[in-house]
Amino acid sequence: MNFCLQSSDMYQLPLLQPHKELIQIQGSEAGQECRFVLEREPEGYLAIRDLERPDLKPLSSFDLIQEWHQRLKSYRGKQEPLSKALGIHKRPLTGPVVDTTAGLGRDSCVMAQSGAKVIMLERELPLALVLSDAIEHAQALDWFELDLELIHAEAADYAASSTLPANTVLYCDPMFNHKSNKSAQNKRLMQFLQHLCHKPSEEDLPSALLAQLQPGQKLIVKKALPDPPLTQHLNYQLKGKNFRFDIHYRPMV
Ligand SMILES: C[S@@+](CC[C@H](N)C(=O)[O-])C[C@H]1O[C@@H](n2cnc3c(N)ncnc32)[C@H](O)[C@@H]1O
């Protein structure tokens, strides 16, 4: 990842501790070739600046909190497509949800709002740090009572190496071209995300997760409507106006 650090107070972030060495190495390379810069805004929020796009406002943890608040204001409980995909409209979840593509954290918040414990995985370190900062700031807000755990990880490796319980739901949204929200703010954030997340994963990750799915576990993959499913043997599809959820379930043996 081509980024560098500008603020020593980064080291206070809880998420950072396991990655201190990595950050120091990348931080010490700070210089001409650096495209993304992490900085602390005067208001105390962590932000990523894209040096190749000076026209783009930095992506900050405050932006994420605003996005979450907006999204949760229109939360429709069991009517949410995500609640239906999780199956919450029929029975409560008994295991954790692993959001394997945390991104800006919006879907994680919606799933956590439905009462799930959500483990968020994000492989891009700068984004994971901004997410961590947003969660930390949001804890002080009265509307934010969500059970979120954030892990900086490559999701396929995490799923392969952790012992996730049988009743785990894995959620995967590798799509960058969401058509549902066309606000200027949303466009800016998605544009930022696309530049930052240099490794396209639209097919690789869902396939890897499906191959690793254990008995009793469920995999939900968000797809654009015209895109083919990962396999013809999926359990069911939930179609919305702009996207659908493909649901794969591995029965208990
Ligand atoms: C389209 S965005 C997800 C948007 C998210 N659903 C939301 O509500 O904001 C995809 C995110 O998944 C991350 N990602 C993609 N492949 C990944 C992988 N294999 N492991 C962990 N994170 C991954 C990308 O870095 C990016 O931040």
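**Exercise 1.** Work out which residues of helix 4 are buried.

*Solution.* Start with the cut-off: buried means 20 or more other C-beta atoms within 10 Å of a residue's own, with C-beta atoms placed from the backbone. Helices here are DSSP runs of H or I with at least four residues, and strands are E runs of at least two, numbered from the N terminus. Go along the helix and you pick up Arg106, Asp107, Ser108, Cys109, Val110, Met111, Ala112 and Gln113.

A word on the model: it's predicted, local features need pLDDT of at least 70, side-chain atom pairs count only at pLDDT 80 or more, and totals for chains, interfaces and linings use all residues. Residues are numbered from 1 along each chain as its sequence is written.

**Exercise 2.** Find what covers the buried residues of helix 4.

*Solution.* Look for contacts, meaning C-beta atoms within 7 Å, again placed from the backbone. Among the helices you get helix 2 (61–73) and helix 3 (81–86). The strands include strand 5 (97–99), strand 6, strand 7 (148–152) and strand 8 (169–172). Then step just past the helix: Gly115 has a positive phi of about 100°.

**Exercise 3.** Describe the shell around the ligand.

*Solution.* Two or more residues each come from helix 4 (106–113), strand 6 (118–122) and helix 6 (155–161). By type, the shell splits into 11 nonpolar, five polar and seven charged; Asp, Glu, Lys and Arg count as charged, Ala, Val, Leu, Ile, Met, Phe, Trp, Tyr, Cys and Pro as nonpolar, and the others, Gly among them, as polar.

Methods: Near = placed C-beta within 6 Å. Buried ≥ 20, exposed ≤ 12 C-beta atoms within 10 Å, placed from the backbone. Contact = placed C-beta atoms within 7 Å.
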